[in-house]
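Hello,

Here is the structure I promised to pass on to you. Have a look at it first, and then read my notes below.

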Amino acid sequence: MSAENNVCCHKDNLPTNKLKILAIHGYRQNAEVFKNKTGSFRKMLHKWAQFTYITAPHKVLVVENDDTEIGQAKDLEQYGWFFNREDNSFRGIRKGGPAIGYEESIKLIEKVVETDGPFDGIFGFSQGACFVGLLCDLQHRGMLPFKFNFAIMSSGFKSGSLPHMKYYSDTIAIPSLHIYGTADKIIPTEMSSDLASCFDNPMVVTHPGGHYLPATATQKHDFQAFIKNLRR
(Lines give C-alpha, C1' and ligand atoms only; values in the text may rest on other atoms or scores of the structure.)
Protein backbone atom coordinates (compact mmCIF):
# COMPACT_ATOMS: atom_id res chain seq x y z
CA MET A 1 0.00 0.00 0.00
CA SER A 2 1.39 3.39 -0.92
CA ALA A 3 1.15 6.65 1.00
CA GLU A 4 3.10 8.64 -1.54
CA ASN A 5 0.43 11.31 -1.88
CA ASN A 6 0.40 11.96 1.86
CA VAL A 7 4.04 12.52 2.71
CA CYS A 8 4.67 13.36 6.35
CA CYS A 9 7.50 15.83 6.77
CA HIS A 10 8.87 17.11 10.09
CA LYS A 11 11.46 19.89 10.07
CA ASP A 12 13.59 21.44 12.77
CA ASN A 13 12.82 25.14 13.02
CA LEU A 14 16.44 26.23 13.03
CA PRO A 15 18.64 28.81 11.26
CA THR A 16 19.56 28.09 7.67
CA ASN A 17 23.31 28.42 8.26
CA LYS A 18 23.33 24.94 9.75
CA LEU A 19 23.92 21.73 7.82
CA LYS A 20 20.64 20.44 6.42
CA ILE A 21 20.20 16.70 6.94
CA LEU A 22 17.46 14.52 5.46
CA ALA A 23 16.40 11.83 7.96
CA ILE A 24 15.26 8.40 6.72
CA HIS A 25 13.44 6.24 9.27
CA GLY A 26 13.61 2.49 9.80
CA TYR A 27 11.17 -0.21 8.71
CA ARG A 28 7.83 0.05 10.53
CA GLN A 29 8.53 3.58 11.63
CA ASN A 30 7.42 6.97 10.30
CA ALA A 31 8.74 10.52 10.39
CA GLU A 32 7.19 11.39 13.75
CA VAL A 33 8.32 8.18 15.45
CA PHE A 34 11.88 8.53 14.15
CA LYS A 35 12.07 12.18 15.18
CA ASN A 36 10.99 11.27 18.70
CA LYS A 37 13.46 8.38 18.91
CA THR A 38 16.38 10.58 17.81
CA GLY A 39 15.73 13.55 20.06
CA SER A 40 18.91 13.09 22.10
CA PHE A 41 20.97 12.60 18.95
CA ARG A 42 19.62 15.82 17.44
CA LYS A 43 20.27 17.69 20.68
CA MET A 44 23.94 16.67 20.51
CA LEU A 45 24.24 18.18 17.02
CA HIS A 46 21.82 21.11 17.22
CA LYS A 47 24.59 23.73 17.09
CA TRP A 48 25.67 22.53 13.65
CA ALA A 49 22.81 20.67 12.01
CA GLN A 50 19.07 20.74 11.35
CA PHE A 51 17.00 17.71 10.36
CA THR A 52 14.08 17.11 8.03
CA TYR A 53 12.17 13.87 8.69
CA ILE A 54 10.04 12.20 6.04
CA THR A 55 7.78 9.15 5.95
CA ALA A 56 8.35 6.31 3.47
CA PRO A 57 5.71 5.84 0.75
CA HIS A 58 4.72 2.23 1.52
CA LYS A 59 2.45 1.33 4.40
CA VAL A 60 3.38 -1.88 6.21
CA LEU A 61 0.73 -4.42 7.15
CA VAL A 62 0.52 -4.56 10.94
CA VAL A 63 0.89 -8.10 12.27
CA GLU A 64 0.13 -8.74 15.93
CA ASN A 65 2.90 -10.39 17.97
CA ASP A 66 5.41 -10.01 15.12
CA ASP A 67 8.85 -9.33 16.63
CA THR A 68 10.95 -9.48 13.45
CA GLU A 69 11.82 -5.78 13.82
CA ILE A 70 12.06 -5.36 17.59
CA GLY A 71 12.10 -1.75 18.68
CA GLN A 72 10.12 -0.39 15.76
CA ALA A 73 6.83 1.47 15.93
CA LYS A 74 3.92 -0.47 17.41
CA ASP A 75 1.21 1.90 16.22
CA LEU A 76 -0.85 1.62 13.05
CA GLU A 77 1.20 4.12 11.04
CA GLN A 78 4.09 1.89 10.02
CA TYR A 79 5.93 2.42 6.74
CA GLY A 80 8.83 1.02 4.76
CA TRP A 81 11.08 2.00 1.85
CA PHE A 82 10.78 -1.31 0.00
CA PHE A 83 9.83 -4.95 0.53
CA ASN A 84 12.04 -7.97 -0.18
CA ARG A 85 9.38 -10.65 -0.38
CA GLU A 86 6.32 -10.97 -2.61
CA ASP A 87 3.99 -10.80 0.39
CA ASN A 88 5.11 -7.17 0.93
CA SER A 89 7.23 -7.88 3.98
CA PHE A 90 10.83 -7.06 4.76
CA ARG A 91 13.66 -8.50 6.84
CA GLY A 92 17.15 -7.08 6.75
CA ILE A 93 18.84 -10.47 6.98
CA ARG A 94 16.88 -11.88 4.04
CA LYS A 95 18.96 -12.70 0.95
CA GLY A 96 17.53 -12.70 -2.55
CA GLY A 97 14.02 -11.67 -3.39
CA PRO A 98 12.64 -8.50 -4.97
CA ALA A 99 12.86 -4.82 -4.05
CA ILE A 100 9.18 -3.96 -4.30
CA GLY A 101 8.53 -0.23 -4.09
CA TYR A 102 12.17 0.78 -4.29
CA GLU A 103 11.78 2.95 -7.38
CA GLU A 104 8.80 4.76 -5.84
CA SER A 105 10.93 5.57 -2.80
CA ILE A 106 13.67 6.99 -5.01
CA LYS A 107 11.08 9.22 -6.67
CA LEU A 108 9.86 10.37 -3.25
CA ILE A 109 13.38 11.42 -2.24
CA GLU A 110 13.74 13.31 -5.52
CA LYS A 111 10.46 15.12 -4.80
CA VAL A 112 11.48 16.01 -1.23
CA VAL A 113 14.86 17.33 -2.38
CA GLU A 114 13.12 19.43 -5.02
CA THR A 115 10.63 20.96 -2.57
CA ASP A 116 12.64 21.12 0.67
CA GLY A 117 16.28 20.75 -0.37
CA PRO A 118 19.02 20.86 -1.20
CA PHE A 119 20.36 18.81 1.70
CA ASP A 120 23.97 18.71 2.83
CA GLY A 121 23.69 15.18 4.16
CA ILE A 122 21.45 12.18 4.60
CA PHE A 123 20.87 10.10 7.74
CA GLY A 124 19.18 6.73 8.10
CA PHE A 125 18.44 4.02 10.65
CA SER A 126 18.14 0.26 9.95
CA GLN A 127 16.24 -0.15 6.66
CA GLY A 128 16.58 3.61 6.30
CA ALA A 129 20.37 3.23 6.60
CA CYS A 130 20.27 0.44 4.01
CA PHE A 131 18.35 2.80 1.73
CA VAL A 132 20.88 5.57 2.40
CA GLY A 133 23.67 3.18 1.35
CA LEU A 134 21.86 2.50 -1.92
CA LEU A 135 21.42 6.23 -2.52
CA CYS A 136 25.13 6.77 -1.89
CA ASP A 137 25.96 4.15 -4.49
CA LEU A 138 23.61 5.73 -7.01
CA GLN A 139 25.18 9.13 -6.40
CA HIS A 140 28.67 7.66 -6.76
CA ARG A 141 27.66 6.34 -10.19
CA GLY A 142 26.12 9.68 -11.21
CA MET A 143 22.58 8.33 -11.28
CA LEU A 144 20.82 10.85 -9.03
CA PRO A 145 19.49 14.28 -10.06
CA PHE A 146 20.61 15.71 -6.71
CA LYS A 147 23.68 15.56 -4.51
CA PHE A 148 24.48 15.28 -0.81
CA ASN A 149 27.92 15.63 0.74
CA PHE A 150 27.91 13.10 3.58
CA ALA A 151 25.94 10.18 4.99
CA ILE A 152 25.18 8.86 8.49
CA MET A 153 24.03 5.25 8.83
CA SER A 154 22.91 3.68 12.11
CA SER A 155 22.37 -0.11 12.27
CA GLY A 156 22.82 -0.19 8.51
CA PHE A 157 23.38 -3.12 6.16
CA LYS A 158 23.74 -3.96 2.48
CA SER A 159 20.52 -4.87 0.73
CA GLY A 160 20.33 -8.53 -0.23
CA SER A 161 17.59 -7.99 -2.80
CA LEU A 162 18.38 -9.38 -6.24
CA PRO A 163 17.89 -6.03 -8.03
CA HIS A 164 20.57 -4.56 -5.76
CA MET A 165 23.27 -7.11 -6.51
CA LYS A 166 24.79 -4.64 -9.01
CA TYR A 167 25.33 -2.14 -6.21
CA TYR A 168 28.37 -1.91 -3.89
CA SER A 169 30.89 -2.88 -6.60
CA ASP A 170 32.91 0.35 -6.29
CA THR A 171 34.23 2.05 -3.19
CA ILE A 172 31.91 4.97 -2.44
CA ALA A 173 33.81 8.23 -2.06
CA ILE A 174 31.69 10.26 0.36
CA PRO A 175 32.32 11.07 4.05
CA SER A 176 30.35 8.57 6.08
CA LEU A 177 29.58 7.80 9.72
CA HIS A 178 28.50 4.27 10.63
CA ILE A 179 26.97 3.52 14.03
CA TYR A 180 26.00 0.08 15.26
CA GLY A 181 25.69 -2.08 18.37
CA THR A 182 27.80 -5.14 19.03
CA ALA A 183 24.79 -6.83 20.66
CA ASP A 184 22.34 -6.12 17.82
CA LYS A 185 20.03 -9.13 17.39
CA ILE A 186 18.16 -7.69 14.39
CA ILE A 187 21.09 -6.72 12.17
CA PRO A 188 24.26 -8.67 13.05
CA THR A 189 27.40 -6.60 13.54
CA GLU A 190 29.11 -8.06 10.50
CA MET A 191 26.30 -6.80 8.25
CA SER A 192 26.80 -3.22 9.43
CA SER A 193 30.56 -3.63 9.13
CA ASP A 194 30.15 -4.90 5.56
CA LEU A 195 28.21 -1.77 4.64
CA ALA A 196 30.87 0.48 6.19
CA SER A 197 33.56 -1.30 4.17
CA CYS A 198 31.87 -0.10 0.97
CA PHE A 199 32.91 3.47 1.78
CA ASP A 200 36.24 5.24 1.46
CA ASN A 201 37.72 5.94 4.91
CA PRO A 202 34.48 5.47 6.88
CA MET A 203 34.16 6.66 10.47
CA VAL A 204 32.82 3.79 12.59
CA VAL A 205 31.30 4.19 16.06
CA THR A 206 30.25 1.03 17.89
CA HIS A 207 28.37 0.66 21.16
CA PRO A 208 27.70 -2.35 23.40
CA GLY A 209 23.93 -2.23 22.91
CA GLY A 210 21.46 -3.55 20.38
CA HIS A 211 19.29 -2.24 17.55
CA TYR A 212 19.08 1.46 18.36
CA LEU A 213 20.87 4.76 17.87
CA PRO A 214 22.88 5.52 21.02
CA ALA A 215 23.13 9.07 22.29
CA THR A 216 25.21 9.01 25.47
CA ALA A 217 28.26 11.01 26.49
CA THR A 218 30.38 8.11 25.25
CA GLN A 219 29.36 8.73 21.63
CA LYS A 220 28.86 12.50 21.86
CA HIS A 221 32.47 13.40 21.05
CA ASP A 222 32.59 11.18 17.95
CA PHE A 223 29.26 12.39 16.59
CA GLN A 224 30.18 16.03 17.06
CA ALA A 225 33.68 15.52 15.66
CA PHE A 226 32.24 14.04 12.46
CA ILE A 227 29.85 16.96 11.94
CA LYS A 228 32.34 19.67 12.89
CA ASN A 229 34.93 18.21 10.52
CA LEU A 230 32.44 18.59 7.65
CA ARG A 231 32.13 22.32 8.34
CA ARG A 232 35.87 23.03 8.09
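**Salt bridges**

The count comes to three salt bridges, a salt bridge being a side-chain nitrogen of Lys or Arg within 4 Å of a carboxyl oxygen of Asp or Glu. Before the details, please note that this is a predicted model, in which local features need pLDDT of at least 70 and side-chain atom pairs count only at pLDDT 80 or more, while totals for chains, interfaces and linings use all residues. Residues are numbered from 1 along each chain as its sequence is written, and side-chain values use heavy atoms, with hydrogens and water left out.

One of the bridges joins the side chains of lysine 59 and glutamate 77, at 3.3 Å from N to O. Lysine 59 lies in strand S4 (residues 58–59) and glutamate 77 in the loop between S4 and strand S5 (79–80), so the bridge ties together parts that are 18 residues apart in sequence. Strands here are DSSP runs of E with at least two residues, and helices are runs of H or I with at least four, numbered from the N terminus.

Arginine 85 and aspartate 87 form another bridge, with their closest N and O atoms 2.9 Å apart. In the bridge between arginine 141 and aspartate 137, the N to O distance is 2.7 Å. Is aspartate 137 buried or exposed? Aspartate 137 is buried, at 1% relative accessible area, whereas arginine 141 is partly exposed at 30%. (Buried means under 20% relative accessible area, exposed over 50%, and partly exposed in between, with a 1.4 Å probe and protein chains only.)

**Aromatic rings**

A search of the whole structure finds 19 aromatic pairs. Rings of Phe, Tyr and Trp (its six-membered ring) pair if their centres lie within 6.5 Å; planes under 30 degrees apart count as stacked, over 60 as edge-to-face and the rest as tilted.

Among the pairs is tyrosine 102 with phenylalanine 131, which is edge-to-face at 6.0 Å centre to centre and 85° between the planes. This pair links distant parts of the chain, 29 residues apart: tyrosine 102 is in helix H3 (residues 102–116) and phenylalanine 131 in helix H4 (residues 127–140). Both residues are buried.

The rings of tyrosine 167 and tyrosine 168 have centres 6.3 Å apart and planes at 55°, so this pair is tilted. Tyrosine 167 is buried at 7% relative accessible area, and tyrosine 168 is buried at 12%.

Enjoy exploring!
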